[in-house]
Amino acid sequence: MRLIFLGAPGAGKGTLAAGISIKYAIPQVSTGDLFREAVKNGTELGRKVKSIMERGELVPDELTVELVRERLGRPDTRSGYILDGFPRTMPQAMSLDGFQSIDAVINFQINDEGVVRRLSGRRICKSCGAIYHVENRPPKREGKCDSCGAALYIRDDDRIESIRNRLRVYKEQTEPLIAHYRGKGLLKDIDASRNVEDSLAQLQPILQALKTGR
Ligand code: AMP
């Protein structure tokens, strides 16, 4: 299964992609995670993208497409993958059309108020990347990861100015992709305004149908 998870930041794409990736044994390819990893490791790519990411702007298309092309060339993607946070612009979508055929695009729908609430309460594990929310998905011990016990942190771009910027960028650059994929007959809408369990309940039958080819 080759899937794209599309939607505003904070719609729950990453949380669901992590679960689905395990269930269907296909890798989650998150461009945001790949860029954050590069920043953490201080690589050349990391140095190029650090300040762009902190402002909540988009990394240039060529760099992003190259990163994804390289990642999708690795053997673990042979039986499928979930693209989480890519493509995010029309040029990225057009490039992807040129080298991959996608089975479905899941469109996570959520309004602006929901995005701000989700992102401002988001906490992430420094060590294993597990995602929490102070109200909707609190860790058992405050500030500590349930799975590995490491400290939780707030992403630099989950501060309010960056959140507003990311929403603006999403509307201008990413939203047009909805019509692009709807036109190709690939789009499946999900109401992502409630909680993870609710989104998952909508997603499961879609993936099951894709898997069985119905
Ligand atoms: P995310 O974790 O998906 O919210 O991504 C965090 C940040 O990484 C974004 O705000 C962008 O700066 C950068 N980024 C991630 N994916 C892309 C992409 N497909 N195109 C450009 N920039 C991206």
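Because the model is predicted, local features were required to have pLDDT of at least 70 and side-chain atom pairs were counted only at pLDDT 80 or more, whereas totals for chains, interfaces and linings use all residues. Residues are numbered from 1 along each chain as its sequence is written, and side-chain values use heavy atoms, with hydrogens and water left out.

Helices (H or I, at least four residues) and strands (E, at least two) are DSSP runs, numbered from the N terminus. Helix 1 spans residues 13–23, and its buried residues are K13, T15, L16, A17, I20 and S21, where buried denotes under 20% relative accessible area, exposed over 50%, and partly exposed in between (1.4 Å probe, protein chains only). The elements covering these buried residues include strand 1 (2–7), strand 2 (28–30), strand 3 (81–84), strand 4 (104–109), strand 6 (131–133) and helix 9 (196–212). A25 counts as exposed, because its relative accessibility is 58%.

Angles under 35 degrees count as roughly parallel, over 145 as roughly antiparallel, 65 to 115 as roughly perpendicular and the rest as oblique. A crossing is left-handed if the near helix is turned anticlockwise from the far one by less than a right angle, and right-handed if clockwise.

The axes of helix 2 (residues 31–41) and helix 3 (residues 44–55) come within 8 Å and cross at roughly 115°, and the two helices are therefore roughly perpendicular to each other. The crossing of helix 2 past helix 3 is left-handed. Contact, defined as heavy atoms within 4.5 Å, is made here by G32, F35, R36, A38 and V39 of helix 2 together with L45, G46, V49, K50 and M53 of helix 3. By class, this contact of helix 2 with helix 3 has six nonpolar, two polar and two charged residues; in this scheme Ala, Val, Leu, Ile, Met, Phe, Trp, Tyr, Cys and Pro count as nonpolar, Asp, Glu, Lys and Arg as charged, and the others, Gly among them, as polar.

For helix 4 (residues 61–72) and helix 5, the axes come within 10 Å and cross at roughly 30°, which makes helix 4 roughly parallel to helix 5. Helix 4 passes helix 5 in a right-handed crossing, with D61, T64, V65, R69 and L72 in helix 4 meeting P91, Q92, S95, L96 and F99 in helix 5. The residues of this contact of helix 4 with helix 5 comprise five nonpolar, three polar and two charged.

The axes of helix 6 (residues 112–120) and helix 7 (residues 160–174) come within 10 Å and cross at roughly 140°, so that helix 6 and helix 7 are oblique to each other. Helix 6 passes helix 7 in a right-handed crossing, and the contact involves D112, V115, V116, L119 and S120 of helix 6 and I160, I163, R164, R166, L167 and K171 of helix 7. Six nonpolar, one polar and four charged residues make up the contact of helix 6 with helix 7.

In the loop between strand 3 and helix 5 (90–99) lies P87, and the peptide bond from F86 to P87 is cis, with omega near -5°. P87 counts as buried, because its relative accessibility is 2%. Not counting residues up to four places away in sequence, P87 touches I4, L6, Q92, A93, L96, T174, L177 and Y181. The C-alpha atoms of P87 and F5 are separated by 9.1 Å, although these residues are 82 residues apart along the chain.

Within helix 8 (residues 176–183) lies H180, which counts as buried at 15% relative accessibility. With residues up to four places away in sequence not counted, H180 touches M90, A93, M94 and D97.

The structure holds zero disulfides, a disulfide being a pair of cysteine sulfur atoms within 2.5 Å. The sulfur of C125 is 3.5 Å from the closest cysteine sulfur, in C148, and is therefore too far for a bond; C125 counts as buried at 2% relative accessibility. Likewise, the sulfur of C128 is 3.7 Å from the closest cysteine sulfur, in C145, again too far for a bond, while C128 counts as partly exposed at 42% relative accessibility.

Definitions and conventions
Axes fitted to C-alpha atoms, helices over the stretch in contact; angles between N-to-C directions.
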